[in-house]
Amino acid sequence: MSLPVTVIIAARNEEEAVTAAVRSAFESGAAEVIVADGGSTDRTRQAAASAGARVIECQPMRARQYNRAAETAANEALVFLHADTLLPAGAGAAVLDALQRAPFGGFRLRFAEQAWKLRLAAFLINLRTRLTLSPWGDQAQFIRRATFLRDGGFREIPLMDDYELAVRMRRRGRPIVLPLTVITSGRRFLRLGLLRTTAMNWTIVIAWRLGVSEERLAGWYRERENGNGEC
């Protein structure tokens with residue numbers, strides 16, 4: 001049964017992953033799936049449309065893509081899903097129930113790959129989320145559309161958009177972290193290494209909290225991600 005939930009996926013060159021993400025959204029109960037494509041040069045748009053999503057095109061930047069899609073969404077409950085992430089069965093009903101009690105929330109997380117380092121990373125992410133009540137973007141953040149639009153949506157910045165939204169929404173009320181689990185790709189952890197990726201994430205968070213600009217952080221992030229070395 002379709003529920004009054006819109007799942008929004010920001011994608012760019014994700015033809016290998018986006019079909020599964022769209023299907024998981026529909027199977028979770030969502031009535032609408034919007035894929036906001038940020039200038040893909042592969043078959044992302046065609047794959048998403050074939051899976052049943054409504055595809056819109058906009059300038060690349062994840063926050064901007066999410067915002068443009070939210071403006072056109074047909075439903076009050078919004079779920080922001082990464083293109084390499086799968087929603088669990090029952091997610092739609094769980095989101096609707098949670099949004100009756102809280103303004104914002106997200107899911108637990110596990111990685112699709114079975115490497116031990118990813119099981120450890122998922123444990124640490126879920127522990128951090130339980131302690132801070134601040135789910136990040138790869139945990140399928142959800143929110144009421146009216147709240148999202150009234151509060152200005154995602155800040156259209158090159159980095160930290162998901163974290164900034166989580167911090168801002170905590171000031172509006174106590175978020176909910178659902179016991180359901182999304183499955184996401186661990187490709188970045190596997191490519192860069194567990195320690196390096198974790199250290200980079202928290203260094204960026206701390207620097208942002210200390211007032212370093214998002215543009216400077218984005219440049220630093222790209223340099224580190226494209227560098228050599230594994231941890």
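Modeller: A term before we start: contact here means heavy atoms within 4.5 Å. Also, this is a predicted model.

Biologist: Fine. What do the buried residues of α5 pack against?

Modeller: They pack against β6 (104-111), β8 (176-184), α8 (187-192) and α9 (194-209).

Biologist: Which residues of α5 are buried?

Modeller: Leu 118, Ala 121, Ala 122, Ile 125, Asn 126, Arg 128 and Thr 129. They lie on the same side of α5, because they cover an arc of only 160° around the axis.

Biologist: And which exposed residues sit on the face turned away from that side?

Modeller: Trp 116, Phe 123, Arg 130 and Leu 131.

Biologist: How does the span of α5 compare with what it should be?

Modeller: It agrees: at 1.5 Å a residue, the 17 residues (116-132) should span 24 Å, and the end C-alpha atoms are 24 Å apart. Leu 133 follows the helix, with a positive phi near 55°.

Biologist: Now Gln 139. Buried or exposed?

Modeller: Gln 139 counts as buried, because its relative accessibility is 0%. This residue is in the loop between α5 and β7 (142-144).

Biologist: What does its side chain make a polar contact with?

Modeller: The side chain of Thr 129, at 3.1 Å. Beyond four places in sequence, Gln 139 also has contacts that include Phe 107, Ile 125, Asn 126 and Val 182.

Biologist: Switching to the core. Which residues touch the most other members of the largest one?

Modeller: Val 7, Ile 9, Leu 87 and Phe 107, out of 41 residues in that nonpolar core. Strand β1 (residues 3-11) gives the most to this core, with five residues. Apart from it there is another core of 20 residues, among them Ile 34, Ala 36, Cys 58 and Leu 165.

Biologist: How many salt bridges does a search of the whole structure find?

Modeller: It finds 14. One of them joins the side chains of Arg 68 and Glu 156, at 3.0 Å from N to O. Arg 68 is in helix α3 (residues 62-72) and Glu 156 in the loop between α6 (145-150) and α7 (161-170), 88 residues apart.

Biologist: Which residues form salt bridges with Asp 151?

Modeller: Arg 172 does, with the closest N and O atoms 2.7 Å apart. Arg 168 does too, at 2.9 Å. Arg 168 lies in helix α7 and Asp 151 in the loop between α6 and α7, so that pair ties together parts 17 residues apart in sequence. Arg 168 is buried, with a relative accessible area of 9%, while Arg 172 counts as partly exposed at 44%.

Terms used: Residues numbered from 1 in each chain as written. Predicted model: local features only at pLDDT ≥ 70, side-chain atom pairs only at ≥ 80, totals over all residues. Heavy atoms only, no water. Helix = DSSP H or I, 4+ residues; strand = E, 2+ residues; numbered from the N terminus. Expected span 1.5 Å × (residues − 1). Buried < 20%, exposed > 50% of the residue type's maximum accessible area, 1.4 Å probe, protein only. Arc of directions from axis to C-beta. Core = buried A, V, L, I, M, F, W, Y, C linked by side-chain atoms within 4.5 Å. Polar contact = N/O pair within 3.5 Å; in protein donor to acceptor, adjacent residues only side chain to side chain. Salt bridge = Lys/Arg side-chain N within 4 Å of Asp/Glu carboxyl O.
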